[in-house]
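Me: Hey, I've just opened this one and I'm new to it. Can you walk me through a few things?
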Amino acid sequence: MAEQQVQPLHNEKHANTKIQNGINVEFMKTQHLVPVVAHEFARVANEFPMSFVKNNEAGTFQAVAMFGLEPGENLFVEDGKWTAAFAPMASTRYPLGLVKHPDQDQYGIVIDEASSLVGEEEGNALFENGEETDYLKRRKEALVSFIEFSQVTEAFTKFLADKELLIAQTLTVDIKGEKKDINGIYLIDEKKLNELSDADFLELRKRGYLAPIYSFLTSTHQVARLARLKAKQA
């Protein structure tokens, strides 16, 4: 796979650069977990199981969509194509990204010039006569939204962790009659959720956390879908 060549976006350097819509399948095909933000949980739950993974060094949790049952496996890439009806924001923002300037509170846009979605022939122009195109403005807004959504999701996840609502789980899936355990993931503890005090439950509602919690809980049924896809591809 080509190395990334991430460069700051510049209206002169990238005057003729175009981006094709699509997903970087080359990168995605080896990703079995991709970060998701609370704002898209409802859509993610229609396609993929979600879980939380723990960063043991920092002791923090990250919400992820599961695309595979083991590292390096993405069951939604077939014959070089993305087969799911939806892709999380973390994967659709590529080949653009936002980088925070170390000494100030501003973000700069970067582009991966090595991406197969980037070129001068096909796609959506980023600049016209040195000015940002509407396409680039929209992409920029989506990048900023993603940062904001990520911060909200971090607060949401921290709240769940502080209330001890996340529980380490082993998921057992059945692939062609063989049982397989998936370890190292955390789910929302439904029993504890139901035992919350009225005050805590009200707090969840006030913060708007109930909808993402229920989407998350529903999504776990999609594990069976991963098992089916794996059995089919095997």
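Me: Let's start with histidine 14: buried or exposed?
Reply: Keep in mind that this is a predicted model. In it, histidine 14 counts as buried, because its relative accessibility is 3% and the cut-off for buried is under 20%.

Me: OK, and where does histidine 14 lie?
Reply: You'll find histidine 14 in the loop between β1 (6-8) and β2.

Me: Which residues does histidine 14 touch?
Reply: Leaving out residues up to four places away in sequence, histidine 14 touches Pro8, Leu9, Ile111, Glu113 and Phe127.

Me: You mentioned β2. What does strand β2 pair with?
Reply: β2 covers residues 18-19 and pairs with β11 in the antiparallel sense, over two bridges. In β11, alanine 125 is the bridge partner of lysine 18. The open sheet has three strands, in the order β10-β2-β11, with antiparallel pairing.

Me: Which strands stand at the edges there?
Reply: β10 (118-119) and β11 (124-125) do. Each has a single partner strand, so one side of each has no neighbour in the sheet.

Me: New topic: how many residues are in the largest nonpolar core?
Reply: That core has 55 residues, and Phe48, Phe52, Trp82 and Ile213 have the most contacts inside it. Apart from it lies another core of twelve residues, including Ile19, Leu96, Leu136 and Leu143.

Me: And what is phenylalanine 48 in contact with?
Reply: Setting aside neighbours within four places in sequence, phenylalanine 48 is in contact with Ala65, Met66, Phe67, Phe76, Trp82, Ala84, Phe86, Pro88, Ser219 and Gln222.

Key
Residues numbered from 1 in each chain as written. Predicted model: local features only at pLDDT ≥ 70, side-chain atom pairs only at ≥ 80, totals over all residues. Heavy atoms only, no water. Pairing = 2+ DSSP bridges. Helix = DSSP H or I, 4+ residues; strand = E, 2+ residues; numbered from the N terminus. Buried < 20%, exposed > 50% of the residue type's maximum accessible area, 1.4 Å probe, protein only. Contact = heavy atoms within 4.5 Å. Core = buried A, V, L, I, M, F, W, Y, C linked by side-chain atoms within 4.5 Å.
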